[in-house]
Amino acid sequence: MNEIPIGVQGRFELVVTAEHLANRFKDPTLPPVLATPVMVMIMENAALDAIKPFLEPGMTALGTRVDVVHHAPTPVGRTVTGLAEVTKVDGRRVEFAVRAVDMAELIGNGTHERVLIDIAKFQQRLKAKFA
């Protein structure tokens with residue numbers, strides 16, 4: 001495995017559409033704003049994008065922990081940018097500071113952890129659950 005440097009950064013953007021809204025996931029009476037799980041997905045994608053260049057073929061990283069605060073609403077049509085920075089690497093575990101911004105302000109921030117995995121071994125482990 002290539003060493004993942006502290007401070008490496010990733011970015012992921014998403015334009016908010018109707019399918020990303022809180023009122024589609026939960027209570028239809030909620031206002032038409034970006035759902036928190038979608039914001040988390042944006043942050044996770046930014047984190048994965050930060051470390052992809054350091055992963056060897058057959059490797060990836062799965063999310064194992066998320067601790068974020070959703071500060072502000074984002075309506076349809078706005079671009080949300082997820083930003084992630086590696087803050088710690090401990091063996092296969094990689095920690096990130098994450099944040100999300102829309103075109104106006106910070107909408108969320110927190111921490112995220114991913115674990116590096118061998119895809120083939122992971123698929124074998126998953127297959128064993130169905131045996």
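Two strands pair if DSSP finds at least two bridges between them, and strands themselves are DSSP runs of E with at least two residues, just as helices are runs of H or I with at least four, all numbered from the N terminus. This is a predicted model, where local features need pLDDT of at least 70, side-chain atom pairs count only at pLDDT 80 or more, and totals for chains, interfaces and linings use all residues. Residues are numbered from 1 along each chain as its sequence is written, and side-chain values use heavy atoms, with hydrogens and water left out.

Start with strand E3, residues 79-90, which pairs with E4 (residues 93-101) in the antiparallel sense over 9 bridges. Along that pairing, look for Val 86 opposite Phe 96 of E4. The E3-E4 hairpin has 2 residues between the strands, and Gly 91 there takes a positive phi near 65°. E3 also pairs with strand E1 (residues 9-15), again antiparallel, over 7 bridges. Here Arg 11 has Leu 83 in E3 as its bridge partner.

Lys 121 is exposed, with a relative accessible area of 62%, while Phe 122 comes out as partly exposed at 33%. For these words, buried means under 20% relative accessible area, exposed over 50% and partly exposed in between, using a 1.4 Å probe and protein chains only.
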